[in-house]
Amino acid sequence: MNSRRRRLGFILAAAGVLAALILPLSSEAAAALPARPLLTALTIAAALTFAIAASTSGFRAVLPGFVGVLCGAITTLVLLRDPGIAGSAAAGFWAMVLAVWLGAALCVIQLASIRPRNEISRRVLSLAIPLLFGAVVFYLWEVLVRGFGVSPVIMPAPSAAASRFVASLPTLGRDFVQTFIRGVLIGYAIGCGAGLLVAIVAQRFAFLGRGLLPLGNFFSALPLVGVAPIMVMWFGFDWPSKAAVVAIVTFFPMLVNALAGLSASGHMERDLMRSYGADHRQTLKKLYLPAALPFIFNALKINATLALIGAIVAEFFGTPTLGIGFRISTEAGRMAIDMVWAEIALAAIAGMAFYGLVALAERATTFWHPSYRT
Amino acid sequence: MTSSALAVPVSRPGAWRRHPLVERYAPIVTIVLALIAVWYVAAVLMNLSLVRDGFEREEAAYTVSDLIEGTMSAERPLLPAPHQVVAAFVDSVFGYAPSAPRSLVYHSAVTLSATLVGFVLGALLGIGLALMIVHSRVLEKSLLPWIICSQMVPILALAPIFIVVLGAMGLQGLLPKSIISAYLSFFPITIGMVKGFNSPDPMQLDLMRTWSASPRQVLSKLRWPAAVPYLFASLKVAVTISLIGAIVAELPTGGEAGIGARLLAGSYYGQTIQIWAALLASAILASGLIGLVDLTERAVARQMGTRP
């Protein structure tokens with residue numbers, strides 16, 4: 001993006017913000033911007049900062065641009081609280097939204113073109129850019145849904161889902177305990193533990209390993225969540241059936257990865273262990289398992305996602321009146337889509353936190369691995 | 001090498017054990033047979049009390065062999081014996097016309113069509129996104145972290161609301177299911193293809209620059225061929241995921257047709273044999289689809305002159 005185009009973009013953004021002062025905000029009767037002194041001040045501030053961004057060169061334009069985006073975004077969000085504007089927004093309002101979007105896009109582009117030298121600012125940037133991008137996406141989602149008055153049955157605004165999330169924290173907490181703590185964690189421990197144990201046995205007896213590896217590959221490619229109805233039949237509606245599904249789903253990826261990992265140590269190292277006179281248990285503890293750790297963590301990370309999916313899908317087949325999957329399917333049936341989104345947010349947070357914890361443990365235990373050398 | 005190694009191989013006892021085919025397949029066959037044996041034993045043990053209760057309710061005299069025979073042929077066993085599953089599978093595949101609602105072929109075809117449409121959509125979307133990300137630093141910095149993050153989210157949990165939302169918009173039948181399939185399968189393809197398009201090393205890219213190749217030429221002559229192995233690796237993952245997506249998408253609607261609907265109906269009415277037969281069908285579908293991708297990969301590799 002050359003500087004002339006960027007300058008033009010910021011001028012357009014400033015013009016869009018100013019257009020909101022003139023054009024009608026709503027197709028219904030609603031007070032225009034000049035009748036709201038505080039918002040007018042914010043609008044003019046946004047236009048001014050966009051103009052400053054247009055006149056500064058290089059990445060110093062990011063700061064005034066960002067302030068302008070913030071002022072514009074706050075103005076539109078405050079405007080949406082007016083019932084005369086929400087659902088019937090008109091040209092002036094959308095001009096402002098477009099200006100905010102344009103300004104934010106220019107800021108993101110400008111930030112992405114910076115190639116910082118030192119480590120810290122690189123880290124900050126690689127966090128700030130996706131966060132800004134995500135914030136813009138959520139902002140547009142919110143403004144579009146509320147500006148056009150989209151029916152909450154089809155698509156609720158993120159703020160509606162968030163307020164529902166906060167309002168129903170106790171329910172969400174109980175669902176979380178039922179699905180995640182009981183179903184996912186127990187099943188995950190059983191499945192991953194069993195997979196690792198079988199892999200260790202199979203590595204000891206080559207015949208077993210040669211038979212299990214292709215079978216494990218085959219099974220881990222199957223749609224194994226389909227066993228959910230059978231497990232519900234065997235173990236009842238409560239969490240043991242969910243844990244069983246999770247255990248089955250997580251077993252095969254762990255088996256395959258751990259088998260690959262246990263044979264990852266080199267001939268030289270094995271010969272060294274033999275020349276030390278190490279028995280199998282010692283070799284396993286000092287050589288095979290440490291060498292297999294990166295593979296095992298790979299499986300643990302794959303399984304973190306699979307486990308949550310398995311538990312939620314298993315709940316579609318019957319559960320006590322509790323659990324993330326149960327809540328999603330019943331609330332979707334009752335058209336309470338904001339509650340569904342709150343549950344999905346819960347599942348997303350749980351999934352990311354789980355994955356993050358596994359990744360942290362990986363960092364702590366396999367720091368010696370070449371992939372972490374910088 | 002001694003002269004004896006060059007001599008005509010004399011058939012020694014035990015030499016067949018080292019035959020490459022035996023070495024490769026003997027362990028697999030042994031373990032499969034062992035699994036089937038375990039399955040039979042488990043079927044006897046799990047269905048035993050069920051069958052015994054049945055005999056005692058009728059107050060009929062029974063022997064041990066009667067009991068075991070009963071566990072092998074119960075109508076709604078806890079765990080059907082393998083031959084029962086195979087019989088039910090064969091019966092529901094060949095016993096009805098392919099368009100009859102009781103035929104597994106019909107249900108598999110419904111699921112397969114949703115899977116394939118979703119897979120193709122997902123592959124196109126995934127490759128397109130990867131192309132955009134590779135060519136735009138802005139997207140790489142801003143969009144890619146979100147795509148990677150979303151891999152950790154149980155996206156399958158979104159399936160029911162997608163069905164409800166799309167149903168509210170008047171979309172029903174094949175399309176919502178394929179959208180879920182596509183949505184699930186594009187992630188691995190995007191990630192794999194971004195890796196693949198970036199896999200040529202800087203030297204090769206520099207060489208293209210010294211030839212003053214346009215970005216399009218760099219793509220068609222260097223990046224695309226380099227990405228082909230990554231493409232097929234991610235396609236194999238994606239095709240399984242899109243099958244799972246199609247099956248799960250059939251659950252919340254209580255869909256009338258498809259393997260997922262068959263699983264749900266089986267679990268409602270306690271038809272265990274039907275569930276197992278549907279599972280067998282899904283396993284065959286999954287391995288068939290992966291096999292197909294594998295065959296395509298080999299054909300393409302041969303076309304590109306890769307030596308096996």
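**View 1. Surroundings of Val245(A) in the predicted model.** Apart from neighbours within four places in sequence, Val245(A) is in contact with Gly187(A), Val225(A), Val227(A), Ala228(A), Met231(A), Gly310(A), Ala311(A) and Ala314(A), where contact requires that the C-beta atoms of two residues, placed from the backbone, lie within 7 Å. Val245(A) sits in helix H10 of chain A, residues 239-262; helices (H or I, at least four residues) are DSSP runs numbered from the N terminus. Because Val245(A) has 32 C-beta neighbours inside 10 Å, Val245(A) counts as buried, a class that asks for 20 or more other C-beta atoms within 10 Å of a residue's own. Ser121(A), 124 residues apart from Val245(A) along the chain, has its C-alpha atom 44 Å from that of Val245(A).

Residues are numbered from 1 along each chain as its sequence is written, while chains are lettered from A and ligands numbered from 1 in the order in which they are written. This is a predicted model, in which local features need pLDDT of at least 70 and side-chain atom pairs count only at pLDDT 80 or more, whereas totals for chains, interfaces and linings use all residues.

**View 2. The largest nonpolar core.** This core has 178 residues, and those with the most contacts inside it are Val245(A), Leu255(A) and Ala258(A); a nonpolar core is a set of buried Ala, Val, Leu, Ile, Met, Phe, Trp, Tyr and Cys residues joined through C-beta atoms within 7 Å. Leaving out residues up to four places away in sequence, Leu255(A) touches Gly195(A), Val198(A), Ala199(A), Leu212(A) and Gly216(A).

**View 3. The contact between chain A and chain B.** Chain A gives 49 residues to the contact and chain B gives 44 residues. On the side of chain A that touches chain B, helices that each supply at least two residues include H4 (91-112), H5 (119-148) and H12 (280-315), and the largest share, 8 residues, comes from H14(A). By class, this side of chain A has 40 nonpolar, 8 polar and 1 charged residues, with Ala, Val, Leu, Ile, Met, Phe, Trp, Tyr, Cys and Pro counted as nonpolar, Asp, Glu, Lys and Arg as charged, and the others, Gly among them, as polar.

View 4. Chain B averages a pLDDT of 81, and 94% of the residues score at least 70; pLDDT is the predictor's confidence in each residue, from 0 to 100. Where pLDDT is low, the predicted coordinates should not be read in detail.

Conventions. Buried ≥ 20, exposed ≤ 12 C-beta atoms within 10 Å, placed from the backbone.
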